[in-house]
Amino acid sequence: MGDSLRVNVTFTPAASGTKAASLAILHNAPDSPARVPLRGVGLQPELAFRPEQLRFGQVATGATAQLPLVLYNVGNDTLTVDALTPSRREFVVPPLANPRIAPGDSQQVTVLFRPSLSGSRAGSITLASDD
């Protein structure tokens, strides 16, 4: 047997799922090119949540209402939630007990509403994650 040459191949998927390709090696033998099949699975977390909107209804000034928000990882890699930040101080989101959600798993968060003034309030929650 003759000399050998090592060729490194990098797999950098742009999306999740199974990907297939082949590496063509051109050479001077009659069966050129030689083809080496390549296969890889791209992993990616994907966030979903329910319900899509939280409606607290009427809450007395100084009182606290709470509603559950469930975060789901519908991807095929672990989802890491870095922060849940409400847009208004009347809404409070405690930190997650575990910021990592496995594929197919979910985690419930309790969102609190503590109005300090009367009147309607609307807000949003910004979720920072590796999704």
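**Working through the model**

Mentor: Begin with V81, a residue of strand β5, which covers residues 79-86. Keep in mind that this is a predicted model.

Trainee: Is V81 buried or exposed?

Mentor: The cut-off for buried is under 20% relative accessible area. V81 has a relative accessibility of 4%, so V81 counts as buried.

Trainee: How far apart in space are V81 and P99, C-alpha to C-alpha?

Mentor: Along the sequence, V81 and P99 are 18 residues apart. V81 itself belongs to strand β5. The distance in space between the C-alpha atoms of V81 and P99 is 5.0 Å.

Trainee: How many salt bridges does the structure hold?

Mentor: Side chains of opposite charge can pair when their charged atoms come close. The number of salt bridges in the structure is three.

Trainee: Is E90 buried or exposed?

Mentor: R88 is partly exposed because its relative accessibility is 32%, and R121 is partly exposed because its value is 22%. For E90 the relative accessibility is 7%, so E90 counts as buried.

Trainee: Where in the chain is R121, the salt-bridge partner of E90?

Mentor: E90 and R121 form a salt bridge. The pair links distant parts of the chain, 31 residues apart. E90 is in the loop between β5 and β6 (91-92), while R121 is in the loop between β8 and β9.

Trainee: What distance separates the C-alpha atoms of R55 and E90?

Mentor: R55 sits in the loop between β3 and β4. With 67% relative accessibility, R55 counts as exposed. R55 and E90 are 35 residues apart along the chain, and their C-alpha atoms are separated by 14 Å.

Trainee: Which residues lie nearest the centre of the largest pocket?

Mentor: Rolling a probe the size of a water molecule over the atoms shows where empty space is left. The largest pocket has a volume of about 660 Å³. Its lining is made by 29 residues, and those nearest the centre are Q53, L54, F56, F91 and G123.

Trainee: Which elements give two or more residues to that lining, and how many of the lining residues are nonpolar?

Mentor: The elements are β3 (47-50), β4 (65-73), β8 (106-113) and β9 (125-129). By residue class, the lining has three charged, nine polar and 17 nonpolar residues.

Trainee: Which residues make the nonpolar surface patch of about 320 Å²?

Mentor: Take L5, which lies in the segment before β1 (17-25). L5 counts as exposed because its relative accessibility is 74%. The residues that make the patch are L5, V7 and V9.

Key. Residues are numbered from 1 along each chain as its sequence is written. This is a predicted model: local features need pLDDT of at least 70, side-chain atom pairs count only at pLDDT 80 or more; totals for chains, interfaces and linings use all residues. Side-chain values use heavy atoms; hydrogens and water are left out. Patches are made of residues with over 30% relative accessible area and no salt bridge: like charges are joined within 9 Å, nonpolar side chains (Val, Leu, Ile, Met, Phe, Trp, Tyr) within 5 Å. Accessible areas come from the Shrake-Rupley method with a 1.4 Å probe; for residues, only the protein chains shown count as cover. A salt bridge is a side-chain nitrogen of Lys or Arg within 4 Å of a carboxyl oxygen of Asp or Glu. Helices (H or I, at least four residues) and strands (E, at least two) are DSSP runs, numbered from the N terminus. Buried means under 20% relative accessible area, exposed over 50%, partly exposed in between (1.4 Å probe, protein chains only). On a 1 Å grid over the protein atoms alone, a cavity is a set of points where a 1.4 Å probe fits but cannot get out, and a pocket is an open set with protein on both sides within 12 Å along at least five of seven lines; lining residues have an atom within 4 Å of a point. Grid points are joined across faces, edges and corners, and a volume is the space filled by probe spheres set on the points. Ala, Val, Leu, Ile, Met, Phe, Trp, Tyr, Cys and Pro count as nonpolar, Asp, Glu, Lys and Arg as charged, and the others, Gly among them, as polar.
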